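Keep the picture handy as you read.

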Amino acid sequence: MTESSWVRSPVGSPDRHWATRKGVKSILVMIPHIVAGNRLLDLLPLFEADHRVQLIFTVPEWESWPATHDFVAAQGGIVLPWAQARRGEYDLVLAASQRGIDEVAGPVLLIPHGGGFGQYRPWRPPGAGHDWKPQIGLEAGQLMREGRVRADSIVLVHDREMDVLTETCPQAVPAGVVAGDIALDRLTASLPFREHYRRGLGVSDGRRLVVVTSTWSDRSAFGRHHDLFERVLGELPSEEFQVLGVLHPQIWSHHSLWQVRAWLADCLRAGLTLLRPEGSWRAALIAADHVIGDYGSVTAYAAGIGKPVLLAVDGTQALLPGTPSAVIAEHAPRWTPDSPLLPQLREAESAGVAEQVHALLSSRPGRAGALLRTELYRLLGLPEPARAIPVSPVPMAEVLPC
């Protein structure tokens, strides 16, 4: 690392003489991609108004996209180059991905960046044998290195994940903490403000908002149906419906904002609205009347708050039984592209998967903030602040300009 690339750090020993607040505990926030970043941002209000801590950010450069750097820079915090971050020692490291946590010094809290760890990955590694099983994020191969558990605290959203962890990596059970889902809690706290989010998205009175969401990969809704948005727009009268696209940030990062907009240029001209890559998908779900999605977490959250869900998948995704995505795949109706869409949306309204899915998203509904703050301050070695746990509504959804 060259001297010119070094960033002045409020937690680094060479720059301590500049500090106005001295003796603070250092917290490193590792953001390898936007999805992880959005989940970690849910944790940061738990440190608000505490003068005993100093947060800094880093982007692991070996797997980052330019869009990730822009996302992190927009938060307004100190961003250490990865090479510099690896040289430091921290009182707490926040991570929403296992990658890179062995390369920084300090107690690590690992939180899932989607709807929990227990979901199969929709890909098969080259040369995999007949006994290969898709990974769910809780195997010893992912949680262990050289005989030790890689994270000091592994946040689980549901009791069933503790059961899975007991089977797949018993050494990590002492580090497991069932804390519920802070993303779901913020989503739930925002539900009373639905009209506010609808006005922010420009949904006029009398129109229904259809959110079309896709995770990434060639097996996702957008990966399988290149004409997904074109078909939906063509089926719905524009005077009665507004269509909003919510694409996984990795689609934008890999293909670029320009390319995605170019692919969807005709749809944008026909009235499609697109959520920005870093936009608040939760605000979009709150505003929605219908959701067309796939096996991604956004679809599960939509079902969990009672939105009618229509699945644009072929049913071949390897999903862990008992997870929200698996329950939706079993009970929600599937989109048939060659059949009229309006009757399918009406069928989705009567499917009734919300209660099942909501119970599977979190074992500690409404308590994630309190449980997580207790765990965070335990790792920091500090008493918890006396102030109440903040459970703020989610930000307004930001859409791309036309």
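## The whole chain

A contact here means heavy atoms within 4.5 Å. Among contacts in the chain between residues at least 6 apart in sequence, 70% join residues at least 24 apart. Before going on, two notes: residues are numbered from 1 along each chain as its sequence is written. This is a predicted model, where local features need pLDDT of at least 70, side-chain atom pairs count only at pLDDT 80 or more, and totals for chains, interfaces and linings use all residues, while side-chain values use heavy atoms, leaving out hydrogens and water.

How does the overall size work out? With 402 residues, a compact globule would have a radius of gyration near 21 Å, and the chain agrees, at 21 Å. (That radius is taken over C-alpha atoms, and the globule rule is 2.2 Å times the number of residues to the power 0.38.) As for burial, 53% of the 402 residues count as buried; buried means under 20% relative accessible area, exposed over 50%, and partly exposed in between, with a 1.4 Å probe and protein chains only.

## The sheet

The chain has 18 helices and 14 strands. These are DSSP runs numbered from the N terminus: helices are H or I with at least four residues, strands are E with at least two. Seven of the strands make an open, parallel sheet, ordered β3-β2-β1-β4-β5-β8-β9. Two strands pair if DSSP finds at least two bridges between them. β3 (79-80) and β9 (176-178) each have a single partner strand, so one side of each has no neighbour in the sheet.

Look at β1 (residues 25-30) and β4 (residues 92-95): they pair in the parallel sense over three bridges. There, V29 stands opposite L94 in β4.

α1 and α6 (residues 182-190) pack at about 70°, with their axes 9 Å apart. Axes are lines fitted to C-alpha atoms, for helices over the stretch in contact, and angles run from 0 to 180 degrees between N-to-C directions. So α1 is roughly perpendicular to α6, a label for 65 to 115 degrees (under 35 is roughly parallel, over 145 roughly antiparallel, the rest oblique). Where they touch, R39, D42 and L43 in α1 meet I182, A183 and R186 in α6.

Most residues other than glycine have a negative phi. E146, though, has a phi near 50°. E146 sits in the loop between β6 (144-145) and β7 (148-149), and counts as exposed at 86% relative accessibility.
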